[in-house]
Number of protein chains: 2
Amino acid sequence: MNPTQPENYCIAGRLRLLSRVVTGLYNEAFAAEGVTFAQAGLLMRIFARPGIRQAALARTLQIEKSAMSRDVQLMQRNGWLTDNVKNGLFLTEVGSTTAKRCHKIWKTVHQNALDQLGPEAVAGLSLFSDKLLQFQTESNPNP
Amino acid sequence: MNPTQPENYCIAGRLRLLSRVVTGLYNEAFAAEGVTFAQAGLLMRIFARPGIRQAALARTLQIEKSAMSRDVQLMQRNGWLTDNVKNGLFLTEVGSTTAKRCHKIWKTVHQNALDQLGPEAVAGLSLFSDKLLQFQTESNPNP
DNA sequence: AGTCTTATGTTGCATATACAACTCTTGTCA
DNA sequence: TGACAAGAGTTGTATATGCAACATAAGACT
């Protein structure tokens with residue numbers, strides 16, 4: 001793996017930059033559906049687990065519950081889902097259709113990304129990701 | 001490096017999650033100075049290159065110029081810098097002091113991060129980062 | 001059932017971003 | 001030097017987030 005010498009860039013800065021760049025790329029891909037990547041991601045997750053609650057999504061994605069609340073409200077205003085504390089989130093017809101289309105787009109974009117980046121780069125991200133999230137789990141065993 | 005099998009997580013989603021998590025950790029560290037990580041980063045960069053212009057920062061950080069404009073305005077309101085198209089950005093006394101303190105904090109946090117994550121994880125991020133940014137440069141040779 | 005605790009969701013307020021449209025410099029070239 | 005092209009910065013509008021404070025709903029235990 002040829003460890004580069006004492007890494008001198010800022011980890012947070014770099015991650016934020018990468019996140020901006022990649023978000024931009026994915027947003028472009030989803031623009032045709034009139035959704036952002038963040039929204040597409042939620043649509044696909046709710047599609048995969050109808051009835052999931054905001055809190056569960058927030059935990060999985062490590063997004064603040066208030067942020068999730070607002071994302072959901074926006075998607076509800078757009079007519080993509082119904083929300084209900086008791087039963088959880090369900091996609092409407094429109095939301096469901098959009099989710100399916102998003103998944104197609106995602107598959108293409110994802111495959112593209114894998115091809116362009118190559119397995120090593122992707123494995124590199126996995127390594128970093130696993131380590132960071134593992135560390136985080138350790139610090140917070142039963143939150 | 002033991003390449004994990006066909007990575008099945010979403011690259012954009014993962015990067016965004018990591019970015020949220022790490023931003024949170026760094027924000028905590030800088031909270032004592034009353035700045036966010038994003039602001040601390042700008043302070044440190046302007047400290048290192050007095051007179052740099054918004055546009056240059058925006059290019060380096062790959063942030064939209066309008067976003068940069070607003071970040072700068074906020075920091076100006078906070079009394080940390082002066083802005084001027086002709087001469088660029090300069091820290092005030094207060095800004096300069098804060099920048100120095102932020103740098104101390106950053107060094108500590110960064111070292112901590114390196115220790116906790118370990119060289120492999122960090123190298124993994126570098127690998128990913130280099131590949132992504134390189135690809136991006138190729139697509140856009142002389143923007 | 002009634003109460004107490006905990007989890008869930010919302011709202012107010014603030015930052016960090018993006019895109020588009022606009023203004024204002026700056027520089028260049030005839 | 002005057003007109004025009006390019007670059008820099010702003011503003012309007014919108015999304016994505018976070019923290020704190022609050023409201024509310026769910027569950028558990030008596």
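User: Which residues come nearest to DNA strand C?
Analyst: In this predicted model, A:Gln54, A:Ser66, B:Thr36, B:Glu64 and B:Ser66 come nearest among the 25 residues around DNA strand C. A residue is near a strand if its C-beta atom, placed from the backbone, lies within 6 Å of it.

User: Which elements give two or more residues to that surface near DNA strand C?
Analyst: Chain A gives α1 (11-31), α3 (54-61) and α4 (65-77), and chain B gives α2 (37-48) and α4 (65-77). Helices are DSSP runs of H or I, at least four residues, numbered from the N terminus.

User: How are the numbers and letters assigned?
Analyst: Residues are numbered from 1 along each chain as its sequence is written, while chains are lettered from A and ligands numbered from 1 in the order in which they are written. Local features need pLDDT of at least 70 and side-chain atom pairs count only at pLDDT 80 or more, whereas totals for chains, interfaces and linings use all residues.

User: Now the protein chains: how many residues are in contact?
Analyst: 45 residues of chain A are in contact with 45 residues of chain B, contact being C-beta atoms, placed from the backbone, within 7 Å.

User: Which element supplies the largest share on the side of chain A?
Analyst: α5(A) does, with 21 residues.

User: How does chain A superpose on chain B?
Analyst: By a rotation of 180° with 0.0 Å of shift along its axis, at RMSD 0.0 Å, fitted by least squares on the C-alpha atoms of residues with pLDDT of at least 70 in both. The two copies are therefore related as by a two-fold rotation axis.

User: Which C-alpha of chain A is nearest the axis?
Analyst: That of A:Gly124, 1.8 Å from the axis.

Methods: Two residues are in contact if their C-beta atoms, placed from the backbone, lie within 7 Å.
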